[in-house]
Amino acid sequence: MDSAIVIRTLAHPTRLNILKWLKDPERYFGPQEYPLDFGVCANQFQRDGMPQSTVSGHLKALTEAGLLSSKKVGQWRFYRRDEKAISSFVKLIATQI
């Protein structure tokens, strides 16, 4: 994990919100066809008039930084936090800064 990439990714407030929402998906997302164990369907991240292309960009950045994992089911993509990677990043920051 490249800590500089993760820090740049987390510098955007919407990306921080996405991680917060995914920490407690039952609270922040409505019902979906598949259980939340699959993750949250990408279309549920569109909020406050944010276009789908912007949402996709944020989800892609978080996934490339290693903070989210995704799973494709049929035509849908589901996202969830990668808790192991997040924990590793926190430990890395705690020891380096």
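Of the 97 residues in this chain, 34% count as buried, where buried means under 20% relative accessible area, exposed over 50% and partly exposed in between, with a 1.4 Å probe and protein chains only. The model is a predicted one, in which local features need pLDDT of at least 70 and side-chain atom pairs count only at pLDDT 80 or more, while totals for chains, interfaces and linings use all residues. Residues are numbered from 1 along each chain as its sequence is written, and side-chain values use heavy atoms, with hydrogens and water left out.

**Overall form**

Along the principal axes, the C-alpha atoms fill a box of roughly 40 × 25 × 25 Å. Among contacts with a separation of 6 or more, 54% are between residues 24 or more positions apart; a contact means heavy atoms within 4.5 Å.

The chain exposes about 6200 Å², of which carbon and sulfur atoms supply 52%. Accessible areas come from the Shrake-Rupley method with a 1.4 Å probe, and for residues only the protein chains shown count as cover. There are 14 positive and 9 negative side chains, and the centres of the two sets lie 4 Å apart. Lys and Arg count as positive and Asp and Glu as negative, whereas His and the chain ends are not counted. The place of a charge is taken as NZ of Lys, CZ of Arg, CG of Asp or CD of Glu.

**Secondary structure and the sheet**

The chain holds 5 helices and 3 strands, arranged along the sequence as α-α-α-β-α-β-β-α. Helices (H or I, at least four residues) and strands (E, at least two) are DSSP runs, numbered from the N terminus. The 3 strands form an open sheet with the order β1-β3-β2 and antiparallel pairing. Strands β1 (40-41) and β2 (68-73) stand at the edges, each with a single partner strand, so one side of each is left without a neighbour in the sheet. Two strands pair if DSSP finds at least two bridges between them.

Strand β1 is joined to β3 (residues 76-81) by 2 bridges, and the bridge partner of Val40 in β3 is Tyr79. Between β2 and β3 there are 6 bridges, and these strands also run antiparallel. Leu68 has Arg81 as its bridge partner in β3, and Val73 stands opposite Trp76 of β3. The two strands β2 and β3 form a hairpin with 2 residues between them, and Gly74 in the turn has a positive phi of about 60°.

**Selected residues**

| Residue | Relative accessible area | Class |
|---|---|---|
| Cys41 | 7% | buried |
| His58 | 7% | buried |
| Ile5 | 36% | partly exposed |
| Lys91 | 56% | exposed |

Cys41 lies in strand β1. Beyond its neighbours within four places in sequence, Cys41 is in contact with Gln32, Trp76, Arg77 and Phe78. The C-alpha atoms of Cys41 and Ser70 are separated by 9.5 Å, although the two residues are 29 residues apart along the chain.

His58 belongs to helix α4 (residues 52-64). Apart from neighbours within four places in sequence, the contacts of His58 are His12, Thr14, Arg15, Ile18 and Met50.

Ile5 is placed in helix α1 (residues 3-10). Ile5 and Gly66 are 61 residues apart along the chain, and their C-alpha atoms are separated by 9.4 Å.

Lys91 is found in helix α5 (residues 83-96). From Lys91 to Ile5 the distance is 16 Å, C-alpha to C-alpha, across 86 residues of sequence.
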